[in-house]
Amino acid sequence: MRVCLDPGHGGYDPGAVGPGGLKEKDVTLAVALRAGFYLQESGAEVFFTRASDRVSWLPEVGRDLAARVEIANRGQADLYLSIHCNSAPTPEAGGIETYSFRQMGKAAEVARLIQAELVRELGLRDRGVKTAGFYVLRHTAMPAVLTELAFISNPREEKLLSDPGFQERAAKALARAVAVHYGLVLAPAPAAPRLVIDNRAVTGVPLQVIEGRTWVELRPFVAASGGTVEWNQETKTIVVYLKP
Ligand SMILES: [Zn+2]
């Protein structure tokens with residue numbers, strides 16, 4: 001199965017900002033990347049609407065959402081999962097909620113699984129599964145789910161959201177829910193460093209960082225980028241074609 005993970009906000013748009021200054025866009029990215037590697041390792045194909053703070057669309061909210069939907073549709077994902085943090089004017093508001101466009105169907109099923117796994121794993125208040133006409137839920141051509149991990153406006157939950165251990169648990173819960181729904185067995189995430197090429201999660205490319213320099217095995221790296229490598233034995237020349 002192929003999943004499009006959409007870390008909410010990014011680039012020019014920080015999303016909601018917590019009382020301690022934590023930005024929603026940083027949390028959603030960290031959780032999406034972590035979830036992506038669990039799923040990739042479990043046999044899913046994973047791509048992201050963004051895999052860093054760099055966004056590929058123009059800085060307008062209208063364009064932003066359309067671009068995310070277009071990436072999911074063009075990539076022919078079987079599932080679109082948008083990851084957000086909640087926010088409210090009162091600092092006491094807290095908990096987890098998950099949305100689908102309709103109350104029935106595949107998206108609603110996945111939303112229920114995601115909500116249950118998140119609540120079980122993170123132990124925050126269960127605000128339930130809801131329906132909403134969010135742009136990204138309405139216009140995606142595949143089952144689409146949007147989850148609100150916790151409230152960034154709640155000082156206690158903001159602290160949790162900033163914690164890498166909490167992010168890892170949230171990611172694993174999301175990945176487990178998706179894996180269960182699509183009949184995959186959740187595998188452990190690959191050891192760091194992980195690799196994303198053109199917003200696609202990639203595994204099976206041996207790489208390591210030594211003293212600040214990245215070493216990758218050329219042939220699998222180029223193959224994962226869609227290119228090819230040839231070796232000229234006579235002249236001992238490596239010839240790389242980055243485009244097929
Ligand atoms: Zn958001």
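In the predicted model, helices H1 and H6 are oblique to each other. The axes of H1 and H6 (residues 164-181) come within 8 Å and cross at roughly 45 degrees. The crossing of H1 past H6 is right-handed. On the H1 side, the contact is made by Ala30, Val31, Arg34, Ala35, Tyr38 and Leu39. These residues meet a set in H6 that includes Pro164, Gln167, Glu168, Lys172, Leu174 and Val178, together with the alanines Ala170, Ala171, Ala175 and Ala179. Sorted by class, the contact of H1 with H6 comprises twelve nonpolar, one polar and three charged residues.

The zinc ion has three protein donors: His9 through NE2, Glu24 through OE and His84 through ND1. These donors lie 2.1 to 2.2 Å from the zinc ion. Along the chain, the donors follow the spacing H-x14-E-x59-H. Histidine 9 is located in the loop between strand S1 (2-7) and helix H1 (24-41), whereas histidine 84 belongs to strand S3 (residues 79-86), so the pair ties together parts that are 75 residues apart in sequence. Histidine 9 and histidine 84 are both buried.

Glycine 10 is likewise placed in the loop between S1 and H1. With a relative accessible area of 0%, glycine 10 is buried, because the cut-off for a buried residue is under 20%. The C-alpha atoms of glycine 10 and glutamate 24 are 8.5 Å apart in space, and the two residues are separated by 14 residues in sequence. When residues up to four places away in sequence are not counted, glycine 10 touches Lys25, Arg50, Asp53, Val55 and Arg68.

Alanine 192 and proline 193 are joined by a cis peptide bond, with omega at about -5 degrees. Aspartate 198 is exposed, its relative accessible area being 68%. Asparagine 199 is placed in the loop between S7 and S8, and its phi is near 70 degrees, a positive value in a residue other than glycine. Asparagine 199 has a relative accessibility of 26% and therefore counts as partly exposed.

Definitions and conventions. Residues numbered from 1 in each chain as written. Predicted model: local features only at pLDDT ≥ 70, side-chain atom pairs only at ≥ 80, totals over all residues. Heavy atoms only, no water. Donors = N, O, S within 2.8 Å, 3.2 Å for Na, K, Ca; no water. Helix = DSSP H or I, 4+ residues; strand = E, 2+ residues; numbered from the N terminus. Buried < 20%, exposed > 50% of the residue type's maximum accessible area, 1.4 Å probe, protein only. Axes fitted to C-alpha atoms, helices over the stretch in contact; angles between N-to-C directions. Parallel < 35°, antiparallel > 145°, perpendicular 65-115°, else oblique. Left-handed = near helix turned anticlockwise from the far one by under 90°. Contact = heavy atoms within 4.5 Å. Nonpolar A, V, L, I, M, F, W, Y, C, P; charged D, E, K, R; others polar.
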